[in-house]
Amino acid sequence: MPLEAVEARRLYRQVADQLRNLIDSGEYAVGSRLPTERDLAEQLKVSRPTVREALIALEVEGRLRIRVGSGIYVIEPAAIAAPAAASVIEGPFELLRAREFLESAIAEQAARVATKDDIARIDASLLAMEKVEHPGEASMVHDRAFHVAIAGSLGNAVLVRVVGELFDQRLNPYFAQLAHYFENPGTWRTALDEHRAVREAIAAHDPQSAREAMRTHLARSQERFAQNFGAENAAGPSPGGSRTARLAAKSPKPKPAPEKRATGRSARRR
């Protein structure tokens, strides 16, 4: 029998799979409310962004409905989506963390090498961003142009392509669903201010400030998408304590960090 490729499942997909199995087995009936994100994260010993990615995935599949201020409910699926097809989609927080790491380094180098023409291209994208409404297709086009223009100042076509492709993942259904809840004209104005801070640091040829400004922008993007759905207090006691305990039993447990032993001078001070 031929061997098949082994693919490690992303953590949020593992969480989504467990929740889906509980729904399919009747542990969570149609119309019932799931425990809150906080409760699920505590039971599963994973981060809340991981839980949120799992819930968004299940909502896109048509298994859940997130009602802001009320809770997360199981719904009757119109058609069962094949989870395997969705497993190739990157999680929104996973994408933003990757961009934070990569684009911070790019902005740092851009501050060293950007020319007047490069700054002009960055300025043109910022000016266009100021004139469009958000959310909308036009705002995404100009937002993408800003990040690609910064990468373009390095004169490396591979980096330009990678930055553009990472940004384009915003079009995936998980990212779009998350943005539906948390993006609005107010968040757009905040993000625009963060973009201007990146531009100013690059134009001033200040590599460290440029790196920090880009890191801050993408870290705050993650924070905006991680805001509370507003259902923590409304949910009350978890209706599925034993159910989430079963999830926790299956959940991968993080390894404890090795204990640090004080030695030398620091030990003698104690």
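1. Strands and helices here are DSSP runs numbered from the N terminus, with at least two residues (E) for a strand and at least four (H or I) for a helix. Buried denotes under 20% relative accessible area, exposed over 50%, and partly exposed the range in between, with a 1.4 Å probe and protein chains only.

2. The model is predicted, so local features require pLDDT of at least 70 and side-chain atom pairs count only at pLDDT 80 or more, while totals for chains, interfaces and linings use all residues. Residues are numbered from 1 along each chain as its sequence is written, and side-chain values use heavy atoms, with hydrogens and water left out.

3. Strand β1 runs antiparallel to β2 (residues 71-74), and 4 bridges join the two; strands are taken to pair if DSSP finds at least two bridges between them. Val 74 in β2 is the bridge partner of Leu 64. The hairpin has 3 residues between its strands, and Gly 69 there adopts a positive phi near 90°.

4. The charged end of Arg 67 sits over the ring of Tyr 73, 4.6 Å from the ring centre. The criterion is that NZ of Lys or CZ of Arg lies within 6 Å of the ring centre and within 35 degrees of the ring normal.

5. Two residues deserve a check of backbone geometry. Most residues other than glycine have a negative phi. Lys 45 has a positive phi of about 60° although it is not a glycine; Lys 45 is in the loop between α2 (37-44) and α3 (48-61) and is exposed, at 52% relative accessible area. His 205, likewise not a glycine, has a positive phi of about 55°. His 205 lies in the loop between α10 (185-203) and α11 (207-225) and is partly exposed, at 43%.

6. The structure holds 3 aromatic pairs. Rings of Phe, Tyr and Trp (its six-membered ring) pair if their centres lie within 6.5 Å; planes under 30 degrees apart count as stacked, over 60 as edge-to-face, and the rest as tilted. Tyr 12 and Tyr 174 form an edge-to-face pair, with 6.1 Å between centres and 90° between planes. This pair links distant parts of the chain, since Tyr 12 is in helix α1 (residues 11-24) and Tyr 174 is in helix α9 (residues 173-182), 162 residues apart. Tyr 12 is buried at 3% relative accessibility, and Tyr 174 is buried at 1%. Tyr 181 and Phe 182 have ring centres 6.3 Å apart and planes at 55°, so their pair is tilted. Phe 182 is buried, with a relative accessible area of 9%.

7. A search of the whole structure finds 22 salt bridges, each defined as a side-chain nitrogen of Lys or Arg within 4 Å of a carboxyl oxygen of Asp or Glu. In helix α1, Asp 17 takes part in two that are described here. The side chains of Arg 13 and Asp 17 meet at 4.0 Å, N to O, and these residues are 4 apart, about one helical turn. Arg 20 bridges to Asp 17 with the closest N and O atoms 2.8 Å apart; these two are 3 residues apart, again about one helical turn. Arg 13 is buried at 3%, and both Arg 20 and Asp 17 are buried.

8. Glu 108 and Arg 211 form a further salt bridge, with the closest N and O atoms 2.5 Å apart. Glu 108 lies in helix α5 (residues 92-113) and Arg 211 in helix α11, so the bridge ties together parts that are 103 residues apart in sequence. Glu 108 is buried at 12%, while Arg 211 is partly exposed at 30%. Salt bridges that share partners join Arg 13, Asp 17, Arg 20 and Glu 61 into one network.

9. Helix α10 has 19 residues and spans 27 Å from its first C-alpha to its last, close to the 27 Å expected at 1.5 Å a residue; the expected span is 1.5 Å times one less than the number of residues. Its buried residues include Trp 188, Leu 192, His 195 and Ile 202. The buried residues of α10 pack against α5, α6 (116-130), α7 (137-152), α9 and α11, where contact means heavy atoms within 4.5 Å.
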